[in-house]
Amino acid sequence: GSRNVFSSGKFYQHATTEASQATLASVSPVFAVMKLDKEGNATFFEKKKTELYQELGLQARDLRFQHLMSIATRNNRIIMRMEFLKAVITPEFLLILDYRNLNLEHWLFNELASQLAGEGQLVTYSLPFEFRAIEAILQYRISKLQGRLNTLQPQILETLEALVDPKLLSVDRSKLHILLQNGKSLSELETDLKVFKETILEILDEEELIEELCLSKWTDPQVFEESTSGIDHAEEMELLLENYYRQAEDLANEARELRVLIDDSESIIFINLDSHRNVMMRLNLQLTMGTFSLSLFGLIGVAFGMNLESSLEEDPRIFWLVTGIMFLGSGLIWRRLLSFLGRHLEPPLPPHV
């Protein structure tokens, strides 16, 4: 009786495991896949993640695409991610996963297929298929980064030109807001370029990784014979990656120059504002000294305005005399104060060499 109970319990556990696996398989994500062969012919289908990685001979973790940019090899397959673009490259075909959510219809349907078929500007057309696929994807990514820089550069230059104008007494807040947004976009571009360079540099630093990217070298004996007879596909792959690394480096240098220009322009803006602030402070100080001079000699008029009798008020010339003394004295005091201010504000002369 106990053996029957144990057997029934084991059967129940096994049935539960199968049901759980069936449930997990039913909720497995479905990829919308675009498949491109060597001639650029495209086919479209939907497939569950579990079925796809089993057909490709991969593991489930290989199709997680955890990083925003990555290039890895698994079981003679190249798995690439360029931001939103997720691709799997084999010696015979290229798979673009989740192509419907990429907003890349123009590139996928009008450019990528023709490039793989040899109608584009790819320099690797004479090499195996994986070279063309890698170059097409890297070229797309670089062109996107170049487009972002081409959009930002004129906007930043125009904004800086308007902000550093020395005739402006105040800074346009709307221009500052535009510069802030463009500066943020420039920082994001610099980060993307840095990630692009680091991803390629990791491969260039490891000779084994470069060899693994040459898929056809390990699957097609004829290709292997060609590589040993003079065409080294590992060197071709290294040159291909170095080319796009150099392009990313050039873009990074241009972005860095823009960043330095923004920092220098900020210094110029602060200098202009400090100059205008100093002018206003000096004007305020001059007016204060003028008021002080008038108040000082105005005491004479206050003294004569008191109800005190003297023989001076009977002479009609005394009024003009006293008034002239007040204005002349105020002017002299004001001039002396200005000369004192000028001597203390002027920078000292440089010493003679």
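Mentor: Start at Asn-75, which is exposed because its relative accessible area is 51% (exposed means over 50%, buried under 20%, and partly exposed in between, using a 1.4 Å probe and protein chains only). Before going on, keep in mind that this is a predicted model, where local features need pLDDT of at least 70, side-chain atom pairs count only at pLDDT 80 or more, and totals for chains, interfaces and linings use all residues. Residues are numbered from 1 along each chain as its sequence is written, and side-chain values use heavy atoms, with hydrogens and water left out.

Back to Asn-75: this residue is in the loop between strand S3 (69–74) and strand S4 (77–82). Helices (H or I, at least four residues) and strands (E, at least two) are DSSP runs, numbered from the N terminus. The phi of Asn-75 is near 50 degrees, a positive value in a residue that isn't glycine.

Now go along to the loop between S4 and strand S5 (85–89), where you'll find Glu-83. Glu-83 also isn't glycine and has a positive phi, near 60 degrees. With a relative accessible area of 23%, Glu-83 is partly exposed.

Leaving aside neighbours within four places in sequence, Leu-68 is in contact with Arg-81, Met-82 and Glu-83 (contact means heavy atoms within 4.5 Å). Even so, Leu-68 counts as exposed, at 57% relative accessibility.

Leu-138 and Leu-94 have the most contacts inside the largest nonpolar core, a set of 61 residues. Such a core is made of buried Ala, Val, Leu, Ile, Met, Phe, Trp, Tyr and Cys residues joined through side-chain atoms within 4.5 Å. Helix H4 (residues 129–163) gives the largest share of this core, 15 residues. Domain 1 (30–114) and domain 2 (129–272) both contribute residues, so the core lies between them; the domain bounds come from an automatic or database assignment. Apart from this core lies another, of 13 residues, including Val-33, Leu-63, Ile-79 and Val-88.

H4 has a packing partner too. Helix H3 (residues 105–116) packs against H4 at an angle of about 145 degrees, with the axes 9 Å apart. The axes are lines fitted to C-alpha atoms, for helices over the stretch in contact, and angles run from 0 to 180 degrees between N-to-C directions. On the H3 side, the contact is made by Trp-107, Leu-112, Gln-115 and Leu-116, while the H4 residues include Phe-129, Ala-133 and Tyr-140.

Between H3 and H4 there's a loop, and Glu-119 is found there. Glu-119 counts as exposed, at 62% relative accessibility. The C-alpha atoms of Glu-119 and Gly-40 are separated by 9.7 Å, though the two are 79 residues apart along the chain.

To zoom out, the protein chain has 10 helices and 6 strands, and 34% of its 353 residues count as buried.
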